[in-house]
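Hi,

Here is the structure I promised to pass on.

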Amino acid sequence: MDQEIKEEMFKKALDAQKNAYVPYSDFPLGAAVLTEDGSIYTGVNIENASFSLTNCAERSAVFTAISAGKRKIKALLIVSSTDKPVPPCGACRQVIKEFADGDIEVIMMTESGKELTMTSTELLPGAFTDDDMEKNNEL
Ligand SMILES: O=c1ccn([C@H]2C[C@H](O)[C@@H](CO)O2)c(=O)[nH]1
Ligand SMILES: [Zn+2]
């Protein structure tokens, strides 16, 4: 993808990471999504004393874009403070699939700039989609 846009997504995700609410894990993440009109939306992980209610950074970013009226995502970038890049969890992979504009890049980065890029289909092959809800689906 375009290096300038990636750099902007990285900066915005890194800036957002400061707002992660992580009193239980102390594992802050920041995410940025690029929408089809070129806008960038960010998200962070938001934990809860009832641990399972935690929302991941990736889903926060996607839901922020959707809440702003966007429907298609061109790329997603996630930033962690770890030595190696952090991949999205299974729930986030399914949510990314729902709004991905085809097979999009998911860019996993560390604060120090290490990078691992995979596509949304590589991360979730054989995903369940709206097609699977057709009653008369052909095999
Ligand atoms: O891809 C991931 C993996 C984990 N987390 C969050 C959830 C929780 O706050 C913390 C530890 O699991 O990291 C994310 O936001 N995204
Ligand atoms: Zn997740």
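First, the housekeeping. This is a predicted model, where local features need pLDDT of at least 70 and side-chain atom pairs count only at pLDDT 80 or more, while totals for chains, interfaces and linings use all residues. Residues are numbered from 1 along each chain as its sequence is written, and chains are lettered from A and ligands numbered from 1 in the order in which they are written.

Mean pLDDT (the predictor's confidence in each residue, from 0 to 100) is 96 for the chain, with 98% of residues at 70 or more. For the complex, the predictor gives an ipTM of 0.98 and a pTM of 0.95.

Now the sheet. It is open and mixed, with five strands in the order E2-E1-E3-E4-E5. (Strands, E, are DSSP runs of at least two residues and helices, H or I, of at least four, numbered from the N terminus; two strands pair if DSSP finds at least two bridges between them.) E2 and E5 (115-119) are the edge strands, each with a single partner, so one side of each has no neighbour in the sheet. On average, neighbouring strands are turned by 20° against each other, direction ignored. (Angles run from 0 to 180 degrees between N-to-C directions, with axes as lines fitted to C-alpha atoms, for helices over the stretch in contact.)

E1 (residues 29-35) and E2 run antiparallel, joined by five bridges. Ala32 is bridged to Thr42 of E2, and Gly30 to Val44. Four residues separate the two strands in this hairpin, where Gly38 has a positive phi near 90°.

On to the helices. H2 (residues 57-67) lies across E1, E2 and E3, at about 140° to E2. Its buried residues include Ala57, Val62 and Ala65, and the buried set packs against E1, E2, E3 and helix H3 (90-99); contact here means C-beta atoms, placed from the backbone, within 7 Å. Just after H2, Gly69 takes a positive phi of about 100°.

Finally, ligand 1 has 14 residues around it, the closest being Ser25, Phe27, Asn45, Cys56 and Ala57. (Near means a C-beta atom, placed from the backbone, within 6 Å.)

Cheers

How values were computed: Two residues are in contact if their C-beta atoms, placed from the backbone, lie within 7 Å. A residue is buried if 20 or more other C-beta atoms lie within 10 Å of its own, exposed if 12 or fewer, and partly exposed in between; C-beta atoms are placed from the backbone.
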